[in-house]
Amino acid sequence: MYIPRAATLAAAVTSVPLHSLTITQTPNGFTNSARGWNSFGIQANAATDPSFIFNQTSVEQQCDVLVSAGLVGLGYSYCSLDSGWSVGGNGDENGRIIADSSLFNMPDLANHLHSEGLQLGVYVVPGGFLADVNKTILDTNITIGSICSGDNGLARCNWQYGQDGVQQWHDSVVALFAEWGVDFIKLDFITPGSPDNGVSLPQNESLAVVNYHNAIVKSGRQMRLDISWKLARDPSDFSIWEDNADSFRTDQDINNSGADSDSFTAWATVQRAIDNYRQYIVLHTSQDETLSIYPDMDNLYVGNSAPEDGVTDDERFTIMSHWLGAGSNLILGNDLTQLDDTGKAILTNAAAHSVADFAAKNPMRPRNPGTGEGDAQQLQAWIGGPDDTGKVIVLLANYGPDEGQGGFNTTLTGVQNLTVTWQDLGISGSFDIQEVWNGQDLGSSSQQLNASLDEGQSLLVVMTPN
């Protein structure tokens, strides 16, 4: 592998070498992570937008803002419906998932979105409907009940994967989605990994991912497959996710919950989400590795006012910097009709989204100041790259005191000075350094990067070898 002279990996000067970590094309043919909007944030936090009704009119109003605010030009194209868009207790005459027609006309919604350059996403869970056990799977003589048994707590039985008819059912569902014009499938409640959340999930639903992937391929329509919740990261399960899905959740939901919640998230939860990404990505830093799946750190809550987002303005920039640098899905959960000026500045910054493009191939991993290690720290450094030109992205962050889920268990308060050396980062050479959010030229350095950061603040830079 060719390594430019100015960005030679500095294994010789640090005990922790910086191995190459890249992301290549995903199983369904994507070379970047998904960007767009998902309905779950407002559904789960109804007080953030009391006027929102989960139906086609309200969804179109939200997603039309992706166009009017110029976000579609930055890749925010997916308009993703979460739980509740479909009939919950039964399918059609062949047991296929169908829309709740009192809420959505799926072909009409798809046509509306496609006419604006947007794309349609839907939400599904594993299993066939308990109410449909006597129905025959399309183009077979196999009844659902003959190959689907038990009760997973979601009004569904559990497929007997490998039996004739199981793949055919998935094929028939995804073929119907393709007829409608669906572009994105969120497959929830996948195990191992997903919390029970009051239901009775089988210990292993990984083959649902395989069946949906096979069905997408057979449909002839390109669709993304995003799987959740916080999924197992062990090699055997991860290989299934990586071979079949385009993105996978690295954490549980980060939104607040409850009808009376008038804010979307909380900094303590964000600390947990960042640490869960760290836990995932350090599993892929001990050797050169190429991944074929994107992380999904859950929905982004950076677009509304600080009180409604539930975090400070500094923390909103820090959240966005982490999602960008991780190469994560950038799926907004906000009320798009109420974007504030800071939210617009965050979401329409072209230089920041160039970082996302870079991280889609070169995701960041942690490199602790002073050691180059990857354990959780309150004062953290991250690096993505170098790419073939030697360019890297570097993120320095002060997460503030650990609020219980950050993993670092320290309580430094106020402004902290953070210095990361090239030895810490595992690189060498001289770099021109450009701050991302305000475009400030920070000059050049061949040794280190410094920042004074208050609680919740971060510094995101692009470093180009000179």
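This tour moves through a predicted model, one selection at a time.

**The eight-stranded sheet**

Begin by displaying the strands β12, β10, β9, β8, β4, β3, β2 and β13, which form an open sheet in that order, with parallel pairing. Its edges are β12 (294-296) and β13 (330-332), each of which pairs on one side only. On average, neighbouring strands of this sheet are turned by 25 degrees against each other, direction ignored. Strands of a sheet pair through backbone hydrogen bonds, either parallel or antiparallel.

Next, select strand β3 (residues 78-80) together with strand β4 (residues 119-124). Three bridges link β3 and β4 in the parallel sense. To find one of these positions, pick Tyr-78, whose bridge partner in β4 is Gln-119.

Which form does the peptide bond from Thr-191 to Pro-192 take, cis or trans? The bond is cis, with omega near 5 degrees. The loop between β8 and α5 also holds Asn-197. Select Asn-197 and inspect its backbone: phi is near 55 degrees, a positive value in a residue other than glycine.

**A pair of helices**

Now select helix α2 (residues 56-68) and helix α3 (residues 106-115). They pack at an angle of about 15 degrees, and their axes are 11 Å apart. Angles under 35 degrees count as roughly parallel, and α2 and α3 are therefore roughly parallel to each other. Their crossing is right-handed.

Which residues of α2 and α3 meet? On the α2 side, show Gln-56, Glu-60, Cys-63 and Asp-64; on the α3 side, show Asp-108, Leu-109, His-112 and Leu-113. The residues of this contact divide into three nonpolar, two polar and three charged.

**The three-stranded sheet**

Move to β5, β7 and β6. These three strands form an open sheet in the order β5-β7-β6, with antiparallel pairing. Here β5 and β6 are the edge strands, each pairing on one side only. Zoom in on β6 and strand β7 (residues 156-159), which pair in the antiparallel sense over two bridges. Cys-148 has Trp-159 as its bridge partner in β7.

Between β5 (128-129) and β6 (148-149) runs a loop that contains Thr-140. Display the side chain of Thr-140, which reaches the backbone nitrogen of Ile-142 at 3.1 Å. For a view across the model, draw a distance from the C-alpha atom of Thr-140 to that of Ser-200: the two residues are 60 apart along the chain, and these atoms are separated by 29 Å.

**Towards the end of the tour**

Select Pro-386, in the loop between β15 (379-384) and β16 (392-398). The peptide bond from Gly-385 to Pro-386 is cis, again with omega near 5 degrees.

Finally, show strand β18 (residues 431-435) and strand β19 (residues 441-445), which run antiparallel and are joined by three bridges. Asp-432 has Ser-444 as its bridge partner in β19. What do β18 and β19 form, and how many residues lie between them? They form a hairpin with five residues between them. In its turn, select Gly-439, which has a positive phi of about 75 degrees.

Notes
Residues are numbered from 1 along each chain as its sequence is written. This is a predicted model: local features need pLDDT of at least 70, side-chain atom pairs count only at pLDDT 80 or more; totals for chains, interfaces and linings use all residues. Side-chain values use heavy atoms; hydrogens and water are left out. Axes are lines fitted to C-alpha atoms, for helices over the stretch in contact, and angles run from 0 to 180 degrees between N-to-C directions. Helices (H or I, at least four residues) and strands (E, at least two) are DSSP runs, numbered from the N terminus. Angles under 35 degrees count as roughly parallel, over 145 as roughly antiparallel, 65 to 115 as roughly perpendicular and the rest as oblique. A crossing is left-handed if the near helix is turned anticlockwise from the far one by less than a right angle, and right-handed if clockwise. Contact means heavy atoms within 4.5 Å. Ala, Val, Leu, Ile, Met, Phe, Trp, Tyr, Cys and Pro count as nonpolar, Asp, Glu, Lys and Arg as charged, and the others, Gly among them, as polar. Two strands pair if DSSP finds at least two bridges between them. A polar contact is a pair of N or O atoms within 3.5 Å; within protein, one must be able to donate a hydrogen and the other to accept it, and residues adjacent in sequence count only if both atoms are side-chain atoms.
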